[in-house]
Amino acid sequence: MKKLFCFLFSAGISVAYLHAQTTAGSIMLGGGLSYSSEKNPDTDTNQSSLTFAPSAGYFLFDQFALGLNLSIGADKSEAGGADTRTSRFGIGPFARYYMFTNNEDFA
C-alpha cells in the first residue's frame, strides 16, 4: 500500500509540471485503470472487476484533436459454489476542442 501511495503521489506531482501541447501535429496519450471488489458475507457472494482504458489522439489543427478510446475489462463473480467470468471490449472515437481562457495555462 505504501508503494502505491508513493507512486500516485509522485505521479500527481509530475502532472503539475506537465504543459499540454495543443498545436497541430501533436499526439495526445491518456487512459485509465480501475479495479473494484465487493464481498457480501450475508449472501456469500464476491464480485471483482478490472478495467484498462487507454486513449490516443492526434491534433489535426491547433486546439482540435481526433482519436480513439479503447476499453478492455474482466469481471469475476462468485456466488455460492458457482464462478462466473466475463470479458469486455470496447472501442470508440472522440473529438476534442480546447478553448483557452485569459490564463494561457488553462483550457
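D83 is located in strand β4; helices (H or I, at least four residues) and strands (E, at least two) are DSSP runs, numbered from the N terminus. The structure is a predicted model, in which local features need pLDDT of at least 70 and side-chain atom pairs count only at pLDDT 80 or more, while totals for chains, interfaces and linings use all residues. Residues are numbered from 1 along each chain as its sequence is written, and side-chain values use heavy atoms, with hydrogens and water left out.

Apart from residues up to four places away in sequence, D83 touches S77 and E78, where contact means heavy atoms within 4.5 Å. The C-alpha atoms of D83 and Q47 lie 9.8 Å apart, although 36 residues separate the two along the chain.

**The sheet**

Four strands form an open sheet in the order β1-β2-β3-β4, with antiparallel pairing; two strands pair if DSSP finds at least two bridges between them. At the edges are β1 (27-40) and β4, each of which pairs on one side only. On average, neighbouring strands of this sheet are turned by 10 degrees against each other, direction ignored. For such angles, axes are lines fitted to C-alpha atoms, for helices over the stretch in contact, and angles run from 0 to 180 degrees between N-to-C directions.

Between β1 and β2 the antiparallel pairing extends over 14 bridges.

| Hairpin | Residues between strands | Residue with positive phi |
|---|---|---|
| β1 and β2 | four residues | D44, about 55 degrees |
| β2 and β3 | two residues | Q63, near 70 degrees |

S55 is a residue of strand β2. With a relative accessible area of 16%, S55 is buried; buried means under 20% relative accessible area, exposed over 50%, and partly exposed in between (1.4 Å probe, protein chains only). Beyond its neighbours within four places in sequence, S55 is in contact with M28, L29, G30, G31, L68, N69 and F94.

**Aromatic rings**

Two aromatic pairs are found in a search of the whole structure. Rings of Phe, Tyr and Trp (its six-membered ring) pair if their centres lie within 6.5 Å; planes under 30 degrees apart count as stacked, over 60 as edge-to-face and the rest as tilted. The ring centres of F59 and Y98 are 5.9 Å apart and the planes stand at 40 degrees, so this pair is tilted. The pair links distant parts of the chain, since F59 belongs to strand β2 (residues 45-61) and Y98 to the segment after β4 (82-97), 39 residues apart. F59 counts as buried at 2% relative accessibility, whereas Y98 is partly exposed, with a relative accessible area of 22%.

A charged side chain also meets a ring: R96 lies over the face of F94, 4.5 Å from the ring centre. A charge sits over a ring if NZ of Lys or CZ of Arg is within 6 Å of the ring centre and within 35 degrees of the ring normal.
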